[in-house]
Structure formats: C-alpha cells, structure tokens
Amino acid sequence: MTGLAYPNISPVLFSLGPVDIRWYSLAYLAGIIAAWFLIYKNIKKYNLPITRVALDDMIFNITLGIILGGRIFYVLFYNFEMFRENPLEIFALWHGGMSFHGGLTGAISGLLYSAKKMKYPFFGLSDLAALYTPIGLFLGRLANFVNDELWGRQTDLPWAVRFPSGGYLPRHPSQLYEAALEGILLFTLLNILWRYEWVRKTKGFISGLFLIVYGLSRMFVECFREPDKQLGFVFSQITMGQLLSAPFLIAGFVILYGAWKKSSAR
C-alpha cells in the first residue's frame, strides 16, 4: 500500500481528573499568548500609544470573538441540520467544531469594539493582529493533523498519509499544506514587510494583504482537501471553505486598494 503511515499521536496531551487537555485547545491558547507577547513588543519598540491594559482588553475581545464567531459559523454553515436536531450540542465546544472564517469574523468584531473603546484607528490595531494571527493558524492546522481530521483527498503522491479515520487510504496531508501556506508563508511575508516604515505607516496594508494571501491559500488547498462529509461540494467542485474565503479575498483587495490610495494622496 502506498502512502506514509499516520504517526497516531494522541489528541489528548494529558488529563487532569475528568478533564482532557487537548492539543487543539492548546494550539488556540498558544497562538493567542504568542500574539499578545509579540504585539506588546511592537508597542514598546515603535512607541505606540496603546497601554498594557488596553492591549489586554483587546486580546480578551478578540479571543471572545474567535470563540463565538468560530462556533456560530460552524453551526450555521457546516452542520446546521445536526445542531437543529440537537440544539444543546451548540454549547458542547469540547466535542469540536469551529470555523476559521467565523473566528476571523469574530476577531474583527472584537477589534472594531476595541478600536472604538480605545479611540484608536481600527487598521492600526488590525495590522498588529494580522502580523501574528498566522501563528495560531499554523498551530491549529498541526492540531488538526494530530486529531486525524480535515485530511485531504486520495492521491498516489509519495508523501500521501494513510489517516485512520480516512479509511487508511493514501491522502493529501492537507492540514500540513495549510500550516505551511497560511502559517509559515503568511507569517514570514507579513513580518518581512513590517520592517519597512512605509508599510507600518500605510494603515490597512498588512490587514488587506493578510486577507488576500489567506484567501488564496485556503482556496488553493481546498482543491486537495476532502470536503466535509455532511456537506460535500456546495455546487460543482466548489467547497464551503472556498465559498467562505471569497468575501475575505474581495475585502482584502478593497482594503489594500484603499490603503494604497490613502498613501499615494499624502
């Protein structure tokens, strides 16, 4: 049989009595803590007028938005019929089921609230957040791999992986593709550009580029990822992930154009 054997790592790192500490939960937590730490370093380095208390509030609002938005989008777009029949399952977050598009929408809502409360330019905050969001994306996709979920379509490529829940058939390790593109590539690109003063001064440039690169990466990898079993293809060969990525991609170009236009007008 072709394909690499799945390493079969337990999704549970350790247990505290009846509570299981899972890699996926730690990925979210580690991504948020890393973003908080690195944003704080940027505030100090560039002497930005954001207090430690304001940053803490912003991270709390973003985290709340990620949880609520991620769950709401998953319920509405990925498994609505199941949740309609079992409404209490909506609150069972430990059973899994989060949408990144929803999490991003929730995070943006949290940023909007924070910017209004702080009386700080929204894109000034969103650029900082966008710089380090790829860390959470990278860790989250690795956790998907560990959880033996969201694997790819069948292939005969030499790096195919035989996932147990995928019938031990050789499949694209699409979680690792996403970790590489949405995590490593996106993080590297944005943080290299951030070194240039004109980029830091062009509010919205990093935010727009984040949405564009994420949208293109996600739409590309969806071509190799097995569609969600309960959904299949939404229409033709289009998946729900590609459909939800389209508005973010369009928004990214609009934001990037607006940022460039404001910069040119100076």
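Biologist: Which residues line the second largest pocket?
Modeller: In this predicted model, they are Leu38, Lys41, Asn42, Lys45, Tyr46, Tyr132, Asn191, Trp194 and Arg195. The volume is about 190 Å³.

Biologist: What makes these count as lining residues?
Modeller: Lining residues have an atom within 4 Å of a pocket point. Helix H1 (residues 23-45) gives the largest share, four residues.

Biologist: How many of the lining residues are nonpolar, polar and charged?
Modeller: Four are nonpolar, two polar and three charged. Tyr and Trp count as nonpolar.

Biologist: What is the span of helix H4 (residues 100-118), and what is expected?
Modeller: H4 has 19 residues and reaches 26 Å from its first C-alpha to its last. At 1.5 Å a residue, 27 Å is expected, so the span is close to that value.

Biologist: Which helices do the buried residues of H4 pack against?
Modeller: They pack against H2 (52-78), H5 (122-146), H8 (205-221) and H9 (240-264). Among the buried residues are His101, Leu104 and Leu111.

Biologist: What is found at the start of H4?
Modeller: A side-chain oxygen of serine 99 comes within 3.3 Å of the backbone nitrogen of histidine 101. Lysine 119, with a positive phi near 55 degrees, follows H4.

Biologist: Why is glutamate 222 called buried?
Modeller: Buried means under 20% relative accessible area. Glutamate 222 has 4%, so it is buried. This residue is in the loop between H8 and H9.

Biologist: What makes its link to threonine 239 a polar contact?
Modeller: The cut-off for the N or O pair is 3.5 Å. The side chains of glutamate 222 and threonine 239 make their contact at 2.7 Å, so it counts as polar.

Conventions:
Residues numbered from 1 in each chain as written. Predicted model: local features only at pLDDT ≥ 70, side-chain atom pairs only at ≥ 80, totals over all residues. Heavy atoms only, no water. 1 Å grid on protein atoms, 1.4 Å probe; cavity = no way out; pocket = protein on both sides within 12 Å on 5 of 7 lines; lining within 4 Å. Points joined across faces, edges and corners; volume = space filled by probe spheres on them. Helix = DSSP H or I, 4+ residues; strand = E, 2+ residues; numbered from the N terminus. Buried < 20%, exposed > 50% of the residue type's maximum accessible area, 1.4 Å probe, protein only. Contact = heavy atoms within 4.5 Å. Polar contact = N/O pair within 3.5 Å; in protein donor to acceptor, adjacent residues only side chain to side chain.
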